[in-house]
Amino acid sequence: MNERSFYYIGIAFFGMINGIFNPFFFIVFQISAYLMAEPLFGSTAAIAYFSSLMLSTGTVILGGIPAALYERYIGAKDDSTVVSLWIWLAGTAILTIPAIGNFLKIGL
């Protein structure tokens, strides 16, 4: 494993925690139940997994926006720099702050 893998693991971890334990999960679940009931055959478990996946994906995408802006600013062309990976990790960590309380209360 190279050095960058640990950044990606951390980003995925924060995305996962935010997807599962986010306080807005029930709001997203209600919206998903309305929009995805037919494609997911009305399965409550599948809709819950879908809601969690959408929150996780949103966390990773929103956390990556400052890193992408930084890379654009410095003119990075080929691959992410260590600084941009730190920015991405910090962005996902900041977005996960509301879910940390539920994570610590419930645990994994």
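Q: How many positive and negative side chains does the protein have, and how far apart do the centres of the two sets lie?
A: In this predicted model, there are 4 positive and 5 negative side chains, with the two centres 7 Å apart. Lys and Arg count as positive, Asp and Glu as negative; His and the chain ends are not counted. Each charge is placed at NZ of Lys, CZ of Arg, CG of Asp or CD of Glu.

Q: Why is Ser-52 called buried?
A: Its relative accessible area is 14%. Buried means under 20%, exposed over 50%, and partly exposed in between (1.4 Å probe, protein chains only). Ser-52 is therefore buried.

Q: What does Ser-52 touch, not counting residues up to four places away in sequence?
A: Gly-19, Ile-20 and Phe-25. A contact means heavy atoms within 4.5 Å.

Q: Which helix holds Ser-52?
A: Helix α3, residues 44–74. Helices are DSSP runs of H or I with at least four residues; strands are runs of E with at least two; both are numbered from the N terminus.

Q: What elements make up the protein?
A: Five helices and zero strands. From the N terminus, the order reads α-α-α-α-α.

Q: What share of the 108 residues is buried?
A: Buried residues account for 30%.

Q: How are the residues numbered, and which atoms count?
A: Numbering starts from 1 along each chain as its sequence is written, and side-chain values use heavy atoms, without hydrogens or water. Because the model is predicted, local features need pLDDT of at least 70 and side-chain atom pairs count only at pLDDT 80 or more, while totals for chains, interfaces and linings use all residues.
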